[in-house]
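Please keep the sequence and the 3D view at hand while reading.

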Number of protein chains: 2
Amino acid sequence: MPDDIDQIASRAAAAAGPYAALDPAIRARALVAAADALNEHADELIELAMAETGLTRPRLTGELKRTAVQLKLFADVVADGSYLDVRVDDRDPDFAIGPRPELRRTQVPLGPVLNFAAGNFPFAFSVAGGDTAAALAAGCPVIVKAHPGHPELSRRTAAIVADALESAGLPADVLQLVEGQEAGAELLQHRLIKAGSFTGSTRAGRLLADLAAARPAPIPFFGELGSVNPVFVTPAAVAARGPAIASAFVTSVAGSAGQLCTKPGLVFVPVDHGLEAPVGASAADVAEHRLLDPRIAANYRDGRARILATPGVRVIAEGALRFDDDGQGWATPTIVAADLETVRSSAGLREECFGPLSILVEYPDDADLSGVVEELFEGNLTSTLQLADGESSDELRALVQTLATRAGRVIVNGWPTGVAVTPAMEHGGPWPATTSGGTSVGTAAISRFLRGVAYQDLPESLLPAPVRAANPWHVPQTRAAAGESTSWGSLANA
Amino acid sequence: MPDDIDQIASRAAAAAGPYAALDPAIRARALVAAADALNEHADELIELAMAETGLTRPRLTGELKRTAVQLKLFADVVADGSYLDVRVDDRDPDFAIGPRPELRRTQVPLGPVLNFAAGNFPFAFSVAGGDTAAALAAGCPVIVKAHPGHPELSRRTAAIVADALESAGLPADVLQLVEGQEAGAELLQHRLIKAGSFTGSTRAGRLLADLAAARPAPIPFFGELGSVNPVFVTPAAVAARGPAIASAFVTSVAGSAGQLCTKPGLVFVPVDHGLEAPVGASAADVAEHRLLDPRIAANYRDGRARILATPGVRVIAEGALRFDDDGQGWATPTIVAADLETVRSSAGLREECFGPLSILVEYPDDADLSGVVEELFEGNLTSTLQLADGESSDELRALVQTLATRAGRVIVNGWPTGVAVTPAMEHGGPWPATTSGGTSVGTAAISRFLRGVAYQDLPESLLPAPVRAANPWHVPQTRAAAGESTSWGSLANA
C-alpha cells in the first residue's frame, strides 16, 4: 500500500476520537458554516461544474442550493439529538428475569467513512453531498474518493468545505479528498476505514461491495446502485389525462439528459394507450443535452443500440445522439415501445440504460400487474402509479403493497425524478437499488453511520455526555422504569 | 437444490405478504401465546434440554423464562408501534428547494429470515429465541436452522410455537424448522430468503456471511460471532476488593462451563495483583460441568492445550477436563496468567477459547491501557472496568471512550455474563463481535429486520394502515410541518 494512502487513513483515524467527543453544537455550527461557504462560492463552483459535466446552469444552481440546505438540515438533526435514540433502563431489582443493572444506550459514530462520489450529481452526491453530510453529522471523519468526471470541482469543493469546517472548530482532517480508482479500492480495504458509501453503477458498486465484504474485518458498504423505476399507468389514467402523462413523462426522462438514478426507465401502459403522438411531440421539443462525459456517452450509445436492436422493440421517438470533436456525446430523448411479453423474455430491456431513454411497456387488459412486479423486479429506488382521480380498488391496494416489497418509495401521480431532502424521504430499496439497506437521502440517512453502545452501571463522572443523568447536551432520553417488566405482554392483550 | 428446500422457502415467501399486512394486535397476541405455550410445556422442554446439552436445571429454567419474557417484551414493542418510526412530511409549497410532495414513511419487514440457532442457549438463542422473536415481531416469516446439539428440543419447540402462532391467527408457515448444515447453506442462498441471523463461532459465521454477501442479490447477515470480553482491573480496585473480584471472576467464567459469548476471556490486572490464591481457592470450589457436546469438548481440549503450551503462560488453577464413555467432556475452570508482553506477542492468546478458561493479563504500573485496547482489540460484545468506589480521572474517561470504539457494551464493576433483555441493551459490536452491526438482544434488535418505505402523494384509500392520516393502528406519527425548511440551520445557531 502506498505511504500516502496509509497516511490519509491514519489522519482520518486520528481525527475520529476528538471529533466523536466534540460538543454537538460545534459540529452543527460547522455544518452550517460549510453550507454558507458553498453558497459564498456558488458562482465559481457552478462555472466549474458546467464546464466539467455539461449540466445546465439552472440545474446546477438548484443542486448547489439543495446541497447547502441538506447540510443545514443535518445541522439541525445534530442539534436536536433525537437521532442518538438515547435509552435509559433504570436499575430494577424486580426485573422479570432477575435483578437488572442500570443501562444507558446511545449511538456512536462508526469511525472513518470512505465516500465514493457520483458523477451525475457533482454537488448533491459528491464531495459535500448527502453521504458526506450524513457521515459528518454522525460524527465520522470522511474521506471522499473524487469522481473522475469533475476533478477540479471536487478539489475546489473539498478545499472550501474543509476550510470552513476547520475554521468552525472541527479537528483537522475531518474531510479529506483522494483521487483515482486504485486509491479508492486500497482505502476501502484499509483496516482504519470503518464504512463505505457509494452512488453509481451496479457494476462498480458490486465490485466495491465485494471488496468491503471480503476484508479480514468486513465493513458495511452503503451503495446506491441501479434502478429502472417502473411506472404503471392505468387505463383510467390514460383516458382521463393521457396527453398530460405523456408530456410529464418525457420531461422526467429528458431532465439532466436522463442521467438520474430515479429516471423512469419502464412505463407500463395499456395496449391501446394512444400515447405515441403526444410522446413523440413532447420528445421533439426537447433540446439537445450534453452527456456527462465521453465514457458515459459511449455506454449510452451501446445500451441504446442494444435496445433498438432487440426484436419486438418499436421506436416512438428515435432521438439523436452525436459526438463532438472532444468525444462528448449530445443527445435528445429516445422513447421506444414493446409489448409485455417482449419485456418478459428480454432481460436486457429491464436493465438500467443510463441516459435519456425509456421504454413504454404495453400490457394487455387482463394483465395481473402485481404478478408482473413480482416476476420482473427485484429492487428499485422507486415505483410509481399513474391513476385517475379517485381511482381505488382492492387490486390497487394489493399492487401498492407489492410495489413496497420491491422499492423504497412508492409514488402516485408524480414522477420519480426529484427527491425531497426531508425526514420522511427514503432513497434506497432492495438490491440492486442499495447494497446494505438504508436511505442515502433525508435525515434517516444518518443512522447508516452509527452503532449502539450500552453503558452498564457507569458512575455519572465516567459516562459520555448524551447518556448522563445531568444531560448536558439536552438530548431526548427515553426511560424504562423499574417494575415495568412484570407487566410485559399486557399491552398486547389490551 | 433439493425440492424440499425450495418448498420451505416458497412457503415462507407465501406467508410474507399476508403476515406483513396483518393487524399488529394479532401479531402481538400471537407472540404472547407463543410465550404462554413455552411456559405450559416448560417441564418437558427443560428435561429435553438437560439431556441434550448438559446444562443445569436452574440455568435452563431461567433461560426458558427469559425466552418467554422476551417474546412478551416484543409483543409490547409491536403493540406500541414506535418501532415503525412513522414520519409524515406535510406537502409544502414553500419548501427550501422547491415545492415538496406529501411523504409518509414507515418500516416494512424485509421478508423471510433464515435464523441459525446457537448451541449454547437452547432456548434464548435458538428456535424461539431472540432473533426469531425480533424477526417475527418485525413481521418476517422465520425459518430456523436447528442447532445439531439439541435436535429433539428444536423439533418440540418448533412444533409448540408454530402451533401457538397459528392458533392465535397468524398465517401458516410463519415459523418453520430445517435441519442440517447443507440445508442451511442452501437456504441462505435461496433468492426468496431476505436476511440471515446467526449466533455461533467466528469460523462458521464468516463462512455464512461470505455466502450471504456472494449471492447474486446479497442479503444482510446478522451474525453474532466471537468475543473475548476484556476486563480491566485497576490497582485501586485490587487494593479495595481483590478477593471479591477474584471470586466474582471465577463465578463468571465457571457459569454454564464458560460456554457463553460474554465470558470474560482476558482480565487485565496489575502485576502485583496477588489474586493467585483467591482465584485458585474459588476455582477449586467449582463442581465439574458437562460441556455442550463432544465437538465443543474436543475444540475446548485443543484450545486449552494450545494456551497451556504457550511460552510465558503460568497456571493459576489448572482445572480438569475428562471425557466420558459417550465422548462428552466434563470440565472445571482453568485460569492462567501471562504478562502483557506475552499476550501482545501471542495472537493465539487473544482468540476466544470457548469453555471455562480465562487469562489474567498482568500489566506494568505504567501501562497505557487505552493504547493496549487500541492495539490488541478489534471488536467485542463487551468491555469491563473494575474500579474502586468513586475512582474517576481523565484517563479513565478516555479509556471508557476507547472501550466504546471496540465494544457494544461497557460495564463498570459488573461481569459481562448475564444480558438483560430491555430497551437499552446492546448485544453486538464491531467485527468480529457482529458481522453487520445491530444488537441481537433487547428491543432495538427488531430494526435489523426492517427497512424504510416512503409513500409519496398516495390517496388515503391506498395507504397502508400505519401511515394513514386516520391512523387505525394508533402508532406514533412524527410530523414535519410545511414551512419548516426555510429556517433549517437556525437550530444549530441557537
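Which residue is the bridge partner of His289(B) in β13(B)? The bridge partner is Ala331(B).

This is a predicted model, in which local features need pLDDT of at least 70, side-chain atom pairs count only at pLDDT 80 or more, and totals for chains, interfaces and linings use all residues. Residues are numbered from 1 along each chain as its sequence is written, and chains are lettered from A and ligands numbered from 1 in the order in which they are written.

**Strands**

Helices (H or I, at least four residues) and strands (E, at least two) are DSSP runs, numbered from the N terminus. Two strands pair if DSSP finds at least two bridges between them. In chain B, an open sheet of three strands has the order β10-β13-β12, with antiparallel pairing. Its edge strands, β10 (289–290) and β12 (321–323) of chain B, each pair on one side only. Pairing also crosses between the chains: strand β18 (residues 450–456) of chain A runs parallel to strand β17 (residues 407–412) of chain B. The table lists two strand pairs.

| Strand pair | Sense | Bridges |
|---|---|---|
| β10(B) and β13(B) | antiparallel | two bridges |
| β18(A) and β17(B) | parallel | three bridges |

Within β17(B), Val410(B) stands opposite Tyr455(A).

**The two chains**

Two residues are in contact if their C-beta atoms, placed from the backbone, lie within 7 Å. The contact between the chains takes 80 residues from chain A and 81 residues from chain B. On the side of chain A, helix α4 (residues 57–80) gives the most, with ten residues.

**Domains of chain A**

An automatic or database domain assignment supplies the domain bounds. Chain A is divided into domain 1 (3–225 + 437–450) and domain 2 (231–412). Their centres, taken over C-alpha atoms, are separated by 32 Å. The contact between them takes nine residues from domain 1 and eleven residues from domain 2.
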